[in-house]
Structure formats: C-alpha cells, structure tokens
Amino acid sequence: MAKRLGIYIHIPFCASKCSYCDFYSLAGCEHLMPEYHKALLAHLDESAKSIKNYEVDSIYFGGGTPSFYGADRIIEIFNALKLNGNVRLDAEVTIEVNPDSISLNALKLLREEGVNRLSIGVQASDNNLLKLIGRRHNFQQAQTAVANARKAGFDNVSLDLIYGLPSQMKSDWAQTLAKVIELHPEHLSCYGLKVEEGTPLFAQRKRFTLPDDDAQADMYFYAVETLEQFGYHQYEISNFAKP
C-alpha cells in the first residue's frame with residue numbers, strides 16, 4: 001500500500017492586510033501574481049519525482065487569500081498536481097476563501113474541477129467588529145458566500161471564527177455562534193485572538209480594550225458547550241465538526 005501524502009500550497013496575496021494577521025501575506029502586490037504563479041508551477045514540476053511513490057489524499061490551498069488569487073490560477077495548480085502526483089479520486093481538496101473575493105461562478109468552476117471543501121473566513125457576525133479588525137466583508141456577504149457554496153455543490157464547508165476580539169463581550173460571541181450555527185456548516189474553527197508584535201493591532205492595542213484571559217476562556221468554554229449541543233464534535237483544541 002502506497003504511503004499517503006498531504007500537500008499545502010501557500011498563496012501569499014491579499015487585497016488588504018487584516019490588523020491581527022501575522023502570517024506571511026502581501027497586500028497590493030497583484031503585479032507579482034504572474035511571476036509567483038510561474039515559479040509555483042515550476043516548483044511543482046521539480047517536486048514530481050519526490051512524490052511519485054505517494055498517494056496524495058489531502059490538498060490545502062491556504063494564504064493569504066487563495067480566492068483573491070483567482071479560481072483559474074487555483075485550477076491550473078490543481079491540474080498540475082493531478083499530472084505530477086498520484087492524487088486520489090477521494091482526496092480532500094480545500095481552498096480558503098474570503099466572502100468579498102469569491103463569486104458563485106468561481107465556486108462552480110472550483111467544484112467542477114474537483115475542489116470539494118471550503119474554509120470561509122467569517123470571524124464575527126458583528127459588522128463593527130469586522131471593520132475594526134480590518135476585514136473587507138460584512139456578515140451579509142458571509143451568509144451569501146455560504147449560500148453560493150451550497151448552490152455550487154459544496155457539501156463540506158468550514159467557517160473560521162475569532163473570539164477575544166477588541167471590545168468583544170461574551171454576548172457578542174454568543175450572537176456570532178448563534179448566527180453561524182444557522183448557516184449549518186459541517187465544520188467550525190474557533191480561534192482565540194493573539195495580538196502578535198509587529199501587527200497593526202499590536203501598535204493600536206492601547207486604543208481599545210481587549211478581553212482578558214479569563215474573559216477569553218469563558219468564550220472558549222461557551223463555544224465548546226454550545227457547539228456540542230448542536231452536534232459538533234470537538235476533535236482538536238480549536239476545531240469542531242459534524243460526524
């Protein structure tokens with residue numbers, strides 16, 4: 001039996017940088033996309049020999065914002081992986097998307113080509129909080145993105161959420177969970193905010209009140225208990241899934 005392999009593809013481009021983000025990403029650098037794409041395809045070709053004895057059962061496009069990179073480019077990378085590696089027909093293929101940079105047509109294209117899982121960056125249901133942390137979307141756009149994902153045929157949708165946001169109270173977090181549960185995602189990732197040095201949020205930290213460790217812990221345990229009630233199994237610290 002061939003050994004299994006998971007592949008992660010990093011897409012570093014974003015339309016703008018969120019104030020809390022310390023991942024490697026580039027805002028306002030769309031002009032670099034063609035050269036990055038060319039280099040990425042060349043690297044996949046170079047790597048083909050080293051993965052030929054493996055079965056690829058998981059591919060994850062993360063970022064940055066892969067949906068901002070464009071469905072056509074993602075599909076070209078995916079097709080190169082299919083040619084260069086032994087991608088299983090039942091492989092889980094995930095792409096991270098932001099609600100403001102994904103359309104129904106793009107979702108249909110991705111689904112038709114074999115992408116079968118989405119990770120949508122929702123973060124909160126309160127539009128003021130979203131604006132405060134530099135998100136480009138509002139919650140209505142997040143709802144539309146989930147609806148479009150279903151129309152495009154996705155039956156495995158994960159939503160990312162953040163608790164412990166500036167000025168966020170437990171009641172705000174409870175409202176976010178309630179509204180997100182109504183969207184019936186198959187998976188939820190709930191992350192506690194960490195204000196990392198070097199981010200815009202770190203520089204602005206004295207301008208607002210952050211929930212303390214106890215308040216953040218209360219939000220975490222509230223999520224664990226609430227999601228369990230709605231059938232989400234906690235299989236990692238921050239991750240919850242339907243059976």
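This is a predicted model: local features need pLDDT of at least 70, side-chain atom pairs count only at pLDDT 80 or more; totals for chains, interfaces and linings use all residues.
**View 1. Asn-138 caps the N-terminal end of helix H6.** Look for a side-chain oxygen of Asn-138 sitting 3.1 Å from the backbone nitrogen of Gln-140. Residues are numbered from 1 along each chain as its sequence is written, and side-chain values use heavy atoms, with hydrogens and water left out.

**View 2. Here's H6 from end to end, residues 139-151.** Helices (H or I, at least four residues) and strands (E, at least two) are DSSP runs, numbered from the N terminus. At 1.5 Å a residue, times one less than the number of residues, the 13 residues should span 18 Å, and the end C-alpha atoms are 19 Å apart, which agrees. Just past the helix, Gly-153 has a positive phi of about 100°.

**View 3. Which residues of H6 are buried?** They are Phe-139, Ala-142, Ala-145, Val-146, Asn-148 and Ala-149 (buried: under 20% relative accessible area, 1.4 Å probe, protein chains only). Their cover includes helix H4 (104-112), strand E7 (157-163) and helix H7 (170-181).

**View 4. Now for the open sheet, with 8 strands and mixed pairing.** The order is E1-E4-E5-E6-E7-E8-E10-E9, where strands pair if DSSP finds at least two bridges between them. At the edges, E1 (3-11) and E9 (233-234) each pair on one side only.

Methods: Buried means under 20% relative accessible area, exposed over 50%, partly exposed in between (1.4 Å probe, protein chains only). Contact means heavy atoms within 4.5 Å. A polar contact is a pair of N or O atoms within 3.5 Å; within protein, one must be able to donate a hydrogen and the other to accept it, and residues adjacent in sequence count only if both atoms are side-chain atoms.
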